[in-house]
Each structure stands twice: as structure tokens, then as C-alpha cells.
Amino acid sequence: MNLLNIKGIGKKKEEILNKMGIFSLLDLYKYLPKNYEDRSKKVDVINAVPEIKQYFELNIIEISKTYFYGKNKSVSRVKAKDDTEVINLIWYNDRFTPRKVVVNKTYKFFGKFDQEKNALINPLVDNLNDDNIGSIVPIYKTIKGISNNCLLYTSDA
């Protein structure tokens, strides 16, 4: 099967996949992960361990404005909480991810905890019913233009 027949793959992605040695659906299925990331163990904010990626379920309580500084640099902040404490969510140079969240809604977050800022830095975000957080996830070797998520969801074809 031609890669272009897979939903979500156009000419540009096909060229990038070809550079990775993926030319067919069979090649895609044989493209094995380089590692696995355990995103399955939910942690309460009060038990967060600094500098380790962890999974949290947090309710959004406040969304701050995104601030721009320098050339193409930005910082976005969100306040969230679980049953134990309030925590900050900070994204550097990513103004799009914070737009996915809504006040008074609970989401899954996966990221490193910075104790000094009481914050998760550049966390991944998922809806409660999605599986990208809350499970063990394969991590693929990628190149510019193809993300890990692209390979995850393309593999389901």
C-alpha cells in the first residue's frame, strides 16, 4: 500500500518518511520504537518530584495572557489544581498548546515539575478520555517534520 493512501499523509510527509526509510505501509509497521515512556502513574501535585516527568489530572482555574519577548519567543501561563494543591503550567515558545484548555475543565498533563516555580514546564496535554497520557507510550526516532504523535496515529492506519 502506498503511503499517500493513508489518511493524514500528503506528499510532503511522504518525502520525510522516505528519508527515514519508510516507503510503504509494511515499512511503517516495521518501524519500531527506540524507547517507551511510562505515562501511566498519576501523581497528586503535593507528591510531585522535581525534574522528573510525571502524569497529573488537573482542573484549569485560570488562563493568563501569552507574553511575547525577543524574536519569536513567548511564555504562556495557566493555573490549575487537583484535590491537593494549585500548580502553574508554563509553556515556553508554544502559544498554541495553552489554547487547547478551558477554565473549569479537567485534563491530563505530563511534564517535568519545577519546584522553584511550582510549575510543570512545557507539559503535554490530553483530554481525560484520550490515551496519549495515562499509559505506556512508544517513543520513535523522528526527524524534523514528523512528530512522535504522527507516527503513533499513522501506525493505527
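Mentor: Helices and strands are DSSP runs, numbered from the N terminus. This is a predicted model, and its chain has 3 helices and 8 strands.

Trainee: What pattern does the chain follow when read along the sequence?

Mentor: The pattern is α-α-β-β-β-β-β-β-β-β-α. The C-alpha trace spans about 50 × 35 × 25 Å along its principal axes.

Trainee: What percentage of the residues in the chain is buried?

Mentor: A residue counts as buried when its relative accessible area is under 20%. Here, buried residues make up 40% of the 157 residues. The accessible surface of the chain comes to about 9800 Å², and carbon and sulfur atoms account for 50% of that surface.

Trainee: How does one look for a pocket?

Mentor: Rolling a probe the size of a water molecule over the atoms shows where empty space is left. In this model, the largest pocket has a volume of about 220 Å³. It is lined by 12 residues, of which K100, V125, D126, N132 and N149 are the closest to its centre.

Trainee: Which element gives the most to the lining of the largest pocket?

Mentor: That element is β7, with 5 residues. Both β7 (119-127) and α3 (148-154) supply at least two residues of the lining. By class, the lining of this pocket has 5 nonpolar, 4 polar and 3 charged residues.

Trainee: Which contacts does T97 make, leaving aside its neighbours within four places in sequence?

Mentor: With those neighbours left aside, T97 is in contact with W91, P123 and V125. V125 is also one of the residues closest to the centre of the largest pocket. T97 itself lies in the loop between β5 (86-92) and β6 (106-114). The side chain of T97 also makes a polar contact with the side chain of D94, at 2.5 Å.

Trainee: Is T97 buried or exposed?

Mentor: T97 has a relative accessible area of 13%, and it is therefore buried.

Trainee: Where does N72 lie, and what is its phi?

Mentor: N72 belongs to the loop between β3 (67-69) and β4 (73-81). Its phi is near 60 degrees, a positive value in a residue other than glycine. The relative accessible area of N72 is 69%, so this residue is exposed.

Trainee: Finally, how should I describe L4, and where is it found?

Mentor: L4 is found in the segment before α1 (11-19). L4 is partly exposed, with a relative accessible area of 34%. Leaving aside its neighbours within four places in sequence, L4 is in contact with I9, G10, K11 and E14.

Trainee: What separates the C-alpha atoms of L4 and S24?

Mentor: These C-alpha atoms are separated by 9.2 Å, while L4 and S24 are 20 residues apart along the chain.

How values were computed: Residues numbered from 1 in each chain as written. Predicted model: local features only at pLDDT ≥ 70, side-chain atom pairs only at ≥ 80, totals over all residues. Heavy atoms only, no water. 1 Å grid on protein atoms, 1.4 Å probe; cavity = no way out; pocket = protein on both sides within 12 Å on 5 of 7 lines; lining within 4 Å. Points joined across faces, edges and corners; volume = space filled by probe spheres on them. Helix = DSSP H or I, 4+ residues; strand = E, 2+ residues; numbered from the N terminus. Nonpolar A, V, L, I, M, F, W, Y, C, P; charged D, E, K, R; others polar. Buried < 20%, exposed > 50% of the residue type's maximum accessible area, 1.4 Å probe, protein only. Areas by Shrake-Rupley, 256 points an atom, 1.4 Å probe, with all protein chains shown as cover. Contact = heavy atoms within 4.5 Å. Polar contact = N/O pair within 3.5 Å; in protein donor to acceptor, adjacent residues only side chain to side chain.
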